[in-house]
Amino acid sequence: MRARAVTVAAVLLVSLAAGGCSGDSSRPRGEASAAPSAAATAPGPGTPADTSCNPRASRRPSAPLPKPGAMPAGTYMRTIQDRGRLILGTSQDTLLFSSRNPFTGKIEGFDVDMGRQIAAAIFGDPDKIQIRVIGYDDRVEAVDAEEPVDLVADTMTANCDRWRDVDFSTIYYDAGQKVLVSSTSDARGIGDLGGRKVCAAQGSTSYDNIAAAASKPVAVARAGFADCLVAFQQNEVDAISTDDTILVGLAAQDPYAKVVGPRMSQEPYGMAISKKHPEFTRFVNAVLERNRANGTWKKTYERWLGDLGPAPRPPAAQYRD
Amino acid sequence: MSTAQLDRPAPAPGPAPGGVLRRVRALRHTSPGRLQLLLTTLVVLGLLTGLVAGLTAAAARAGTDDLGDRAQPLLVEAETIYSALADADTTAAQAFLAGGLEPAELTRRYEADLDRATTALTSAARRTPPSGTAAEAIRTLSAGIPRYAALVASARANNRQGLPVGASYLSTASQLSRDSLQPQAQMLFRDARYEVDRGYAGARASWWSALLVVLLAALLVTLLVTQVHLSRTTRRTFNIPLLVATAVTLALTLTTAMILTGQRSHLNDAARDGSAPVALLAEARIYALRERSDDALTLVARQGSPEPGKDPYEVTSRELTRRLDQAGRGTDGSARQAVDSAARHRRDWENAHKQIRALDEGGRYDDAVRLAVGEATTQTFTSLTGDLGRALEDRKEAFTREIDAAGRGLGLLTVVGPLLALVVCGLAAAGLRARLEEYR
């Protein structure tokens, strides 16, 4: 944990030094409520801070998919193939999307399966994947770090801020921010939580949305959302607010918690990829395109999120070129 | 020379500033006066010597007892608390890494660690004054350990139900242990080391000893001067009672010197062969435990190797190497063998750690975990801490031996010192009174 704290602190320093242009919104804990200027510039609920782009539009796949194990020379896919494994950056505490299975010790979920499908497309073997856990406020930097990950699939919202630093794949999941409260609470949304402590992961867009909510709740940051659940169960916070998908995973672990409220925001999830090799983004989009069409996406949804109801139509791909 | 004389007004105006001084000065000019002066000096010196001999012995004894019964055990208990907490943290991380239902052996070890920590905490509380940093540390630990145990219990309960939030409970517990509990235990340990240093100073009772030496020398000189004076002014060459008094004083001086130098030499041995290596080895064991814990937590975090320069393992590793080197140089006999064996197992463990990091870096996380929690690595590491524990026990025994030896004779001196001094006073009085009678 200390190793992680050190990394988090280092990343904080880096992003502060960079003047926050990294697209991350990490801020030292507890400073949110005391920083009106920050709250003023942060995105309000449902209104993205930056509408200069269409965050859903990604790079169009070019050529047809190469055969697994035969990546064209000179491409980044070939680099990955030669290395022998795909490095996926994700978290290990988001039940249903990417969490550690306590029985097997393996990290699994919807996001991990997205990564495994890319690995399968490169190698023909979904197991040729190395999972590296990254902090929530480390997701943008991770693809261009000294020891970069190839791909970040970590319930990461594609927005224009982040588009400046990284490429996103086409949208693979549509989420929206809601609130988790105690099952005895009368609150029906973020509007009823004025002055109460509401937790979110440090560096997530959810955190900004809490700080910017009109009802003025007190935003509390933790390293991850499961740490928020610990804080919730220890009565350190009154509620947790983030994407409904994550909240469902948390509520599944606590019978005294419920998810309430309308969606405060649209959170389209994309996989983050470095801008240095656009051919890989196009490749990933091609894989997504194929998997939407051949029912793989639907099967993945049913496997992890089947309890939420029947699988909806996969988010339609949009392209910017 | 009663104080009543002081209260009287000066009997007659004169050049002398005070009546008493003038009278004393007047005594010097008559033969019986001189004898009276010598007798008074001898008796006063004798009584003072007796008093100081008793006090010196009592102070040295109290200091030695405090060192052996309070300061050093406090150091050992502080080390127990610290290493038990570090071990519990390491064990919990190992159990988590192993995945699935935690192995019963690790659970037992964790429970035993907590037991050791709380037991040591209770007795450390008894040996600590109710205010000060040590007491503050004990209060924080007393409140924190149950909270830590509760967090680990929640982690386990969640883990049993297959809920991933268990992992977060465990990391919260680990954070509490590393950021709050272990630093407090470390503070207690440092405080105890300081107490031990102070304990040695107290046991040496240096000021009292110096005063005693001065008094004994003064008494001997006065006895000799008196005898020389008597043999010059009377026809008798020897004054038997004074001669015996001199012999008794010499005997007292020799006994005191023997007991006190013996005590000091044993104290020095206890410091060199006991306290110093105990502190070193205790720190070495703590750093070893931290190494394993750092290794496990890096795997738990799954973030790859920390950047060079920011790796807590590097710092811990440097400190451990330093402690092992020092401990190797500062010990001999079976402790030295144990330290050498520890250094060998340390090399094996370092190799295992490098292999674990290489596997993890190479994307073979599962193999890295298997190696980290595997039988062979655990065996190597247990041998390392076991060796350090053996060396520690050996040095603790050496300390107890030396402290027991240092305390020997001090009790005797407490009684015999004042008694012999009284005998000297009596003999001096007897020897001089006979001469004084002759002037009546």
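**Reading the model**

Reply: This is a predicted model. Start with one loop residue: K216(A) sits in the loop between α7 (205-212) and β11 (218-222) of chain A.

Me: What is the phi of K216(A)?

Reply: The phi of K216(A) is positive, about 55 degrees, although K216(A) is not a glycine.

Me: Which residue in the loop between β3 (93-94) and β4 (98-100) of chain A can I look at next?

Reply: Take L96(A), which lies in that loop. L96(A) is not a glycine either, yet has a positive phi of about 80 degrees.

Me: How do I judge whether such residues are buried or exposed?

Reply: Count the other C-beta atoms within 10 Å: 20 or more means buried, 12 or fewer exposed, and anything in between partly exposed. L96(A) has 23 C-beta neighbours inside 10 Å and therefore counts as buried. K216(A) has 15 other C-beta atoms within 10 Å, so K216(A) is partly exposed.

Me: What does the secondary structure of chain B come to?

Reply: Chain B has 13 helices and zero strands. Buried residues make up 47% of its 440 residues.

Me: How do I read a pair of helices, say α8 (residues 240-301) and α11 (residues 365-373) of chain B?

Reply: Look at the distance and angle between the axes; an angle over 145 degrees counts as roughly antiparallel. The axes of α8(B) and α11(B) come within 11 Å and cross at roughly 155 degrees, so the two helices are roughly antiparallel to each other. The crossing is left-handed. D295(B), A296(B) and L299(B) of α8(B) meet A368(B), V369(B) and A372(B) of α11(B). By class, this contact has five nonpolar, no polar and one charged residues.

Me: How many residues does each chain give to the contact between chain B and chain A?

Reply: Chain B gives 28 residues and chain A gives 29. On the chain B side, α6 (165-204), α8 and α11 each supply at least two residues. The largest share, 10 residues, comes from α6(B). By class, the side of chain B that touches chain A has 11 nonpolar, 14 polar and three charged residues.

Note on methods. Residues numbered from 1 in each chain as written. Chains lettered and ligands numbered in written order. Predicted model: local features only at pLDDT ≥ 70, side-chain atom pairs only at ≥ 80, totals over all residues. Helix = DSSP H or I, 4+ residues; strand = E, 2+ residues; numbered from the N terminus. Axes fitted to C-alpha atoms, helices over the stretch in contact; angles between N-to-C directions. Parallel < 35°, antiparallel > 145°, perpendicular 65-115°, else oblique. Left-handed = near helix turned anticlockwise from the far one by under 90°. Contact = placed C-beta atoms within 7 Å. Nonpolar A, V, L, I, M, F, W, Y, C, P; charged D, E, K, R; others polar.
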